[in-house]
Amino acid sequence: MSVDKILQDLKNDHNFRTLPHLRHEGKFVYKESKKLLNLASNDYLALSYDEELKEEFLSNLKKEYNYFSSSSSRSLSGNFGIYEELEDYLKADFKDKEILHFNSGYHLNLSCIAALSSLNKTLFLADKLIHASMIDGLRLNGADFFRYKHNDLDHLVSLIQKHYEKYENIIILSEALFSMDGDFSDLKALVELKKNYPKIKLYIDEAHSVGCFDKKGLGFAKSLGLENEIDFLVFTFGKAVASMGACMICAKKYKDFFINKARAFIYSTALPPINVAFTLFIFKNMAKFQNKRENLYHLSQFLKDKLQEKNLQILGDSYIISLILGDNKKALAIAQILEKGGIFAPAIKEPTVPKNTARIRFSLHAGLDQNDLEQILELL
Ligand SMILES: Cc1ncc(COP(=O)(O)O)c(C=O)c1O
């Protein structure tokens, strides 16, 4: 198919992506000079525009980390001390685990899953709604995998039973808090499965939960005391942590394996030291953000209750709340109504979400207040 035809088909399906011109100011964005409340970022703790926090970070930044490039991969000269400082800091809270920093969650999932798929007789069982970065990791080296219906443990168990004898390793891929449906995996039940099926390993992505759960913001698994049962735990830093990067939390032998076999780790310039220093600074301050986590929880509950009172079809058990609209055209029309009313919450369409589940995804953050949410409710 030609490029022209592909682009035309996307336009016909109301699914042609363009990049909005935006100017950011606190919790607002300006789009074509119209001021809009930003409900499309993943800045869950509202740290990205906390000017005092940024000032404090910059005024204490060590000269040796004031670099805007690491100028090399970590395997060569790019391994500034700040990488190991961050890894050691996080390791203190994860008994028997090691930490490995990556440039992004996409890099991490793509390359770690691709590396794991090269292991002998390894099968992946993936929740139907896992993020594209994990799917791409499965596809890169042609992994053996099946997808189970979203959060459907019966379906998962039936797949385990069907394939158990043929494989040496069975790796279950899921997210702690799902990015688009805003619901949680049943981590306790997944951990229980390991007792009956010892070949199982759990790979859990906490991209949307790190920062927002546990007193030190160390994620959903940690808040349940299950972190040691998860074989591969993934944090990303571009959302609630208001930075960039990601880390894999796993046993030492797997850290060594990824240093040697995760190609995005080996063949990409490591993130700038200043960026990694900011991630560490945020983690050191995480305990102080408990009031933000609580505020986020109350805001989420309020919006969810009010949307339900309006009999709208919504999904989400926390600060990611999706208003399901079905077809792309309808989702685009509602996004436009919201934008006219001062709210930036673009339509989310396939392939980001399954066909016919186009939606508005409200991504709440701790910098909002009840009036902001009332403004949304008036428009729906
Ligand atoms: C569940 C999940 N995993 C991984 C990623 C990728 O992380 P990053 O934005 O750091 O590449 C995302 C984000 O977009 C995500 O939602």
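Let me start with a word on naming: helices (H or I, at least four residues) and strands (E, at least two) are DSSP runs, numbered from the N terminus. With that in hand, take P351, which sits in the loop between β14 (347–348) and β15 (358–363). A cis peptide bond joins E350 to this P351, with omega at about 10 degrees.

Before I go on, some ground rules. This is a predicted model, where local features need pLDDT of at least 70, side-chain atom pairs count only at pLDDT 80 or more, and totals for chains, interfaces and linings use all residues. Residues are numbered from 1 along each chain as its sequence is written, and side-chain values use heavy atoms, with hydrogens and water left out.

Okay, staying with the backbone for a moment. S33 has a phi near 65 degrees, a positive value in a residue other than glycine. You'll find S33 in the loop between β2 (28–31) and β3 (34–38). A46 also has a positive phi without being a glycine, near 55 degrees, and A46 is in the loop between β3 and α2.

So are these two buried or exposed? S33 comes out at 68% relative accessibility and counts as exposed. A46, at 6%, counts as buried.

Now to the ligand. How many residues surround it? There are 13, and the closest are G105, Y106, D205, H208 and K239. For that shell, a residue is near the molecule if one of its heavy atoms lies within 4 Å of it. Helix α4 (residues 105–116) gives the most to the shell, with 3 residues.

Let's zoom in on some atoms. D205 has a polar side-chain atom 2.6 Å from a nitrogen atom of the ligand. K239 puts a polar side-chain atom 2.9 Å from a ligand oxygen atom. With G105 it's the backbone: an N or O atom there lies 2.8 Å from an oxygen atom of the ligand.

Next, a contact within the protein. D372 lies in helix α14 (residues 370–379), and at 9% relative accessibility D372 counts as buried. Its side chain makes a polar contact with the side chain of K27, at 2.8 Å. A polar contact here is a pair of N or O atoms within 3.5 Å; within protein, one must be able to donate a hydrogen and the other to accept it, and residues adjacent in sequence count only if both atoms are side-chain atoms.

On to the aromatic rings. The structure holds 17 aromatic pairs. Rings of Phe, Tyr and Trp (its six-membered ring) pair if their centres lie within 6.5 Å; planes under 30 degrees apart are stacked, over 60 edge-to-face, and the rest tilted.

Y203 and F232 are one of those pairs, tilted, with 5.9 Å from centre to centre and 35 degrees between the planes. Y203 is in strand β8 (residues 200–205) and F232 in strand β9 (residues 232–236), so this pair ties together parts 29 residues apart in sequence. Both Y203 and F232 are buried.

Then there's F213 with Y319: the ring centres are 6.3 Å apart and the planes at 35 degrees, so this pair is tilted. F213 is in the loop between β8 and α8 (220–223), and Y319 is in the loop between β11 (314–315) and β12 (320–326), so the pair ties together parts 106 residues apart in sequence. F213 is buried at 17% relative accessible area, and Y319 counts as buried at 4%. Ring pairs also link F213 and Y319 into a cluster with Y44, F184 and F220.

Key:
Buried < 20%, exposed > 50% of the residue type's maximum accessible area, 1.4 Å probe, protein only.
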